[in-house]
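Thanks for coming. Please have a look at the sequence and the model before I start.

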Amino acid sequence: AFAGQLPPSLQYQNSRLRDSEKTLIRGCIQTAKTGGLESLLYMATLPFTMESLLQAPENVDATDLLIESCRSLAALCPLLLTDLVAAEGFTTSTCDVLSAFTVILKRLHDGEEKD
């Protein structure tokens, strides 16, 4: 009798989870549409030598910006692969994010070899 039906409390919770997912996806699409994704990619791929980090304006922690932009991009990746984002044409942005991470990892690796 209950096959395929959830108790009302779980239906509400399941509905809220779906609404949360849709909200995240809408936020991802909005981020991409308004240039936020490009801005995150730009900040994540800035050169991060000690010299360049020290030249950042006062009151700006360039290392934190780098870390947080990478975290944001990593969090957006699964959302960029959803059907709703694909329908908006932003799925190819995932390749840009992965390419940026490749550049970052290469820089980190090259920097470790110099030490």
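This is a predicted model: local features need pLDDT of at least 70, side-chain atom pairs count only at pLDDT 80 or more; totals for chains, interfaces and linings use all residues.

Residues are numbered from 1 along each chain as its sequence is written, and side-chain values use heavy atoms, with hydrogens and water left out.

Start with helix H2, residues 36–44; helices here are DSSP runs of H or I, at least four residues, numbered from the N terminus. Which residues of H2 are buried? They are Leu37, Leu40, Leu41 and Ala44, where buried means under 20% relative accessible area and exposed over 50%, with a 1.4 Å probe and protein chains only. Seen down the H2 axis, the buried residues fall within an arc of 100°, so they line one face of the helix; that arc is taken from the directions from the helix axis to the C-beta atoms. Glu38 and Tyr42 are exposed, on the face turned away from the buried side.

Next, the partner. In H2, Leu37, Leu40, Leu41, Met43 and Ala44 meet residues of H4, including Leu65, Leu73 and Leu80; contact means heavy atoms within 4.5 Å.

Last, the core. The largest nonpolar core has 21 residues, and Leu37, Leu73, Val85 and Val97 have the most contacts inside it. Such a core is a set of buried Ala, Val, Leu, Ile, Met, Phe, Trp, Tyr and Cys residues joined through side-chain atoms within 4.5 Å. H4 gives the most to this core, with 7 residues.

Note on methods
Helices (H or I, at least four residues) and strands (E, at least two) are DSSP runs, numbered from the N terminus.
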